[in-house]
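Let us walk through this structure step by step, beginning with the chain as a whole and ending at a single residue.

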Amino acid sequence: MKIVVLEADSVGTDVSYEALREFGELELYNSTPNELIAERIKDADIVLANKCILDENSLKDARKVRFIAEAATGYNNIDVFYCRKNNIGLSNVSGYSTEAVAQHTMALVLALNNKLSYYSDFVNSKEYSRQRSFCNISNVFHDLTGRTYGIIGMGNIGRRVASLAEAFGMKVIYFSASGVKQDLPYEMMDFDSFLRNADIVSIHAPLNEKTKGLINKEAFKKMKESAILINVGRGPIVVEEDLVEALNNGEIAAAGIDVYEKEPLPETSKLLLIEDKDKLLLTPHQAWGSYEARARLIEEIVLNIRAYLNGEERNRIV
């Protein structure tokens, strides 16, 4: 068999794809523009993709393709109907990045709460060297203990973040966009109550019709002025223009954002024009990408392919 990896760079060049040779000839591409997808998979039996669009247009001449391994949890880049109609198997990978995303979430919380950007700049600017006092505590920060941590999206990542928040002595509450109450030791609140009570609002939800634009101008007006917003879920859940306005107007205290309405973030994004840079911490969709998470992703893909070839059900979408 021939296995084609379309976007090796999306998982990183420091992890190995060599285990895929177990299944046959391996053809590796660091990245693949849309216009080259059809050409590169025309003789493939198995295709690995992350963001490349695999639909009727790219698959129609790839007569040998029998299985698509999605190198991610989301698979909206795959035409599931076409795969089902043409007997092409499809599996995704979930749970591989739970620890990495939860860790990054708390890193953003701690950096913003403790004003690390401000204080680091203070030292590096040599202002600290020029002052008489041994310390600088002029930019006020607070203990996390006793504060309320609000989570939107209580899946694997949301629950792991909840446990970390509890370890800091925080009370955890959550909002369910689906309205489904889970069997959890945390209080579920309606949206307005959730926004009014949360000192930190942390987004770990999928993007759907109920979550798109959920955190908007109206939502910011209901949040505490001291609140911190964290989004490591999906970019369009937060209306970026409204976030910039809320930060500039002091409607919330700070935000840490790892995902965006459009990725990569355009140079013209208003997020890059925020007036007080210490209020906003931006990272390049990296929360999921610890070395261990990416290595697990490849391991899970290998297991998915092996299960498919053995006629077993494992993470199957089609």
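In the protein chain, the mean positions of the 37 positive and 46 negative charges are 1 Å apart, where Lys and Arg count as positive, Asp and Glu as negative, and His and the chain ends are not counted; the place of a charge is taken as NZ of Lys, CZ of Arg, CG of Asp or CD of Glu. This is a predicted model, in which local features need pLDDT of at least 70 and side-chain atom pairs count only at pLDDT 80 or more, while totals for chains, interfaces and linings use all residues. Residues are numbered from 1 along each chain as its sequence is written, and side-chain values use heavy atoms, with hydrogens and water left out.

The protein chain holds 11 helices and 12 strands, which are DSSP runs numbered from the N terminus (helices: H or I, at least four residues; strands: E, at least two). Its C-alpha atoms fill a box of roughly 70 × 50 × 35 Å along the principal axes. Of the 318 residues in the protein chain, 48% are buried, a term that stands for under 20% relative accessible area, with exposed meaning over 50% and partly exposed in between (1.4 Å probe, protein chains only).

Seven strands form an open sheet with parallel pairing, in the order E8-E7-E6-E9-E10-E11-E12, two strands being paired if DSSP finds at least two bridges between them. Strand E8 (187-188) and strand E12 (280-282) are the edge strands, each pairing on one side only. Within the sheet, strand E10 (residues 228-231) and strand E11 (residues 254-257) run parallel and are joined by four bridges, and leucine 229 stands opposite alanine 255 in E11.

Helix H7 (residues 156-167) packs on this sheet, touching strand E6 (148-152), strand E7 (171-175) and strand E9 (200-203), and its direction makes about 175 degrees with that of E6. Helix H10 (residues 240-248) lies across E10, E11 and E12 and runs at about 150 degrees to E11. Such axes are lines fitted to C-alpha atoms, for helices over the stretch in contact, and the angles run from 0 to 180 degrees between N-to-C directions; contact means heavy atoms within 4.5 Å.

The loop between E6 and H7 contains glycine 153, which is buried, with a relative accessible area of 14%. Leaving aside residues up to four places away in sequence, glycine 153 touches Gly158, Phe175, His204 and Ala205. Glycine 153 and serine 178 are 25 residues apart in sequence, and their C-alpha atoms are 9.3 Å apart in space.
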